[in-house]
Amino acid sequence: MLTLERLRADHADAVLAFERENREYFARTVPDRGDTYFDPAGFAARHEALLAEQDAGVCHFHVVLDDGGRLVGRINLVDVEEESAELGYRVGEFAAGKGVATAAVAEMCRVAPTTYGLTSLVAKTTLDNLASRTVLERNAFIAVGDVTISGEPGVRYRRALLPQG
């Protein structure tokens with residue numbers, strides 16, 4: 001069982017540890033965030049900035065916890081505008097291939113309409129990131145166009161969300 005928790009100030013240490021532990025793994029499929037991101041002072045400032053964006057309602061950041069309370073991933077809604085947001089997610093290497101990303105995206109699609117008033121989500125990934133494409137397609141995201149991500153060919157997805165009764 002997975003739990004999504006809205007990002008809080010007290011998550012900072014766990015998030016930094018998660019990002020450091022998985023830096024090389026993430027860099028295989030997405031651009032590296034750079035050394036400043038992983039420096040404790042730089043990370044603390046970035047974490048505070050994310051919380052400010054969240055408080056302003058333009059983004060909604062979450063940690064993904066396993067049933068033992070271990071941080072196994074992150075899932076975010078960014079650029080919230082006109083009842084839509086862009087979905088982003090990452091799962092640690094130790095949890096990859098175990099359905100964690102698929103379950104976290106499914107849960108976000110379930111809560112986003114009622115918690116955040118969203119009616120659709122968009123997402124994008126590179127063509128060579130088969131795992132991410134599979135997660136989106138398993139969660140009823142439909143490919144709607146081509147994009148370029150950090151110079152690499154990619155695909156943009158969209159999913160309509162239904163209000164939960």
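Author: Let us start with a definition: a residue is buried under 20% relative accessible area, exposed over 50%, and partly exposed in between, with a 1.4 Å probe and protein chains only as cover. The model here is predicted, so local features need pLDDT of at least 70 and side-chain atom pairs count only at pLDDT 80 or more, while totals for chains, interfaces and linings use all residues. Residues are numbered from 1 along each chain as its sequence is written, and side-chain values use heavy atoms, leaving out hydrogens and water.

Reader: Thanks! How many salt bridges does the structure hold?

Author: First, the general idea: side chains of opposite charge can pair when their charged atoms come close. The cut-off for a salt bridge is a side-chain nitrogen of Lys or Arg within 4 Å of a carboxyl oxygen of Asp or Glu. By that rule the structure holds nine. One of them joins R8 and D10, with the closest N and O atoms 2.8 Å apart.

Reader: Is R8 buried, exposed or partly exposed, and what about D10?

Author: R8 counts as partly exposed because its relative accessibility is 38%. D10, at 54%, counts as exposed.

Reader: Which parts of the chain does the salt bridge between R28 and E93 link?

Author: The side chains of R28 and E93 meet at 3.5 Å, N to O. This pair links distant parts of the chain, 65 residues apart: R28 is in the loop between α2 (23-27) and α3 (35-38), and E93 is in the loop between β4 (84-91) and α5 (100-116). Those labels are DSSP runs numbered from the N terminus, with helices (H or I) of at least four residues and strands (E) of at least two. E93 counts as partly exposed because its relative accessibility is 39%, whereas R28, at 58%, counts as exposed. Salt bridges with shared partners also join E19, R33, R74 and R90 into one network.

Reader: Now for helix α4: is Q54 buried or exposed?

Author: Q54 lies in helix α4, residues 40-56, and counts as buried because its relative accessibility is 4%. Contact means heavy atoms within 4.5 Å. Not counting residues up to four places away in sequence, Q54 touches R6, L7, C59, H60 and F61.

Reader: And what does F43 touch?

Author: F43 is also placed in helix α4. With a relative accessible area of 4%, F43 is buried. Leaving out residues up to four places away in sequence, F43 touches A12, V15, L16, T36 and Y37.
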